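This report goes through one chain, beginning with a single side chain and ending with the overall make-up.

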Amino acid sequence: MVGKTLDLLAGEVRIQVRGASVERFLNLCARSGIRLRRTRRVDFGELHATVPVRDFKRLRGLMGRTGCRVHILSRRGAPFVVHRLRRRYVLFGGLAALILLFLALTQFIWVIEIHAQPGISTYRLRQVLCDAGAYAGVPIASVDETAIREYVRVQMQDTVDFVTVSRIGNVLTVEAFGGEERPKVLDDKAVTGVVASRDGQIVEMQVLGGHPLVETGDVVTTGQPLVSAVTPPTTEQGLGHIGHGAAKILAQTKRIETSVQPLTTTEKQYTGKTKTQFALVVGDFRINLYFGSGISVGECDKAVSIHRLAFGKGTVFPVALVRQDYTYYDAAETQLDTEELRAQMEQDALARIQANMVDGTIDSWYSEAEERDGGLVVTVHATCTEDIAREISEDGAVLPEKQTEEPPED
């Protein structure tokens, strides 16, 4: 394939050789280094062959020595195309302009690929990159990968542990690692007390600092002091002291979670009707290649795919073809199974209760359900064991709760 392409670029001629000494003609060509390809004997005194343009001119000296005549049957290749188009200046000017445009566009960054671990806001990361000088359309010469990396690390040190910035052609790739927002570090020397975050009955206490105000088995209410920062004197002449109150206090609590779901759902019944629309995007400009708007009338699924103009992985241009596929359907209401819906709602409610607890478990639970206004109302009552200790500062402000397992928002 490569050899054939090179032959077409150099040009080739299909010739007809006629004469009584065709064999002598072939022998002289072989001794002179003239390359004949796709040779075919048509008759006793006639031969067809393909010869490169550079060797065709050397055949004139062989014709007189062999008594054979050479006629041109066809011409192929780039030299003959250029010869036919030599007076079409607009075509060559457009080709030259296209080459110049190609070279100019490859000097800018057009695509920024961001790969971030869960918990890192890609929206915020893209804004920080823009402030650092990494955005679509920036000249490659002005992109300093080391400076961008350091800027992102400083600006997002609360969520990003490590970041890499690399460039292949005019594509900039950014990878960010980390994700979990750093919990606030509490001063273990600060004057703090401990209060109850929920109503409950204490089942276990671990006082790490301060003076306990309650005992195991006591029933406490939300906001009730559990541990004081003031420790009383241990002897009659001794002095008390004020310090950092800290504790882990497990209590049996009650939690109630109520949810409502409709007893009917809408199912899609596809009609078989489809529609496809195309649009061309050049930079920030969009050219719709269809009539009307992109808002389809009727119930349908819409799928959008974007195909960007690129050469390999490292050369991308600000030109993209957008394809919008619509698949139409009729919406039909379907009655849900009440028992299955109730079971799913119970599991979802238990998951929310577990997520809202700090260092806690669900010991037992029961649920109540009723149908109301075309929906199912499920109430889950759970008995839990959880840590209800919350530290408060000297002025009475509640300090941040311990970190839960809820995923950070993007």
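Phe102 is partly exposed, because its relative accessible area is 35%; buried means under 20%, exposed over 50%, and partly exposed in between, with a 1.4 Å probe and protein chains only. This is a predicted model, in which local features need pLDDT of at least 70 and side-chain atom pairs pLDDT 80 or more, while totals for chains, interfaces and linings use all residues. Residues are numbered from 1 along each chain as its sequence is written, and side-chain values use heavy atoms, with hydrogens and water left out.

Phe102 sits in helix H6. Helices (H or I, at least four residues) and strands (E, at least two) are DSSP runs numbered from the N terminus. Phe102 belongs to a nonpolar surface patch of about 1,100 Å², whose other members include Val82, Leu91, Leu309 and Phe311. Such patches consist of residues with over 30% relative accessible area and no salt bridge, nonpolar side chains (Val, Leu, Ile, Met, Phe, Trp, Tyr) being joined within 5 Å. A salt bridge is a side-chain nitrogen of Lys or Arg within 4 Å of a carboxyl oxygen of Asp or Glu. H6 (89-105) and strand S18 (300-311) each supply at least two patch residues, and the largest share, nine residues, comes from H6.

## Nonpolar cores

The largest nonpolar core has 20 residues, and Ile112, Leu129 and Val152 have the most contacts inside it. A core is a set of buried Ala, Val, Leu, Ile, Met, Phe, Trp, Tyr and Cys residues joined through side-chain atoms within 4.5 Å. Two or more of its residues come from each of S5 (111-116), H7 (122-131), H8 (145-155), S6 (160-168) and S7 (171-178).

Beyond four places in sequence, Leu129 is in contact (heavy atoms within 4.5 Å) with Ile112, Ile114, Ala134, Ile148, Val152 and Val174. Another core, of 17 residues, lies apart and includes Ile15, Val17, Val22 and Ile34.

## His48

His48, in strand S3 (residues 46-52), is buried, with a relative accessible area of 11%. Its side chain makes a polar contact of 2.9 Å with that of Glu46; the term covers N or O atoms within 3.5 Å, where within protein one must be able to donate a hydrogen and the other to accept it, and residues adjacent in sequence count only if both atoms are side-chain atoms. Outside four places in sequence, His48 touches residues including Ile15, Arg38, Val42 and Leu73.

## Whole chain

The chain has nine helices and 22 strands, and buried residues make up 33% of its 410 residues.

Notes:
Patch = residues over 30% accessible without salt bridge, like charges linked within 9 Å, V, L, I, M, F, W, Y side chains within 5 Å. Areas by Shrake-Rupley, 256 points an atom, 1.4 Å probe, with all protein chains shown as cover.
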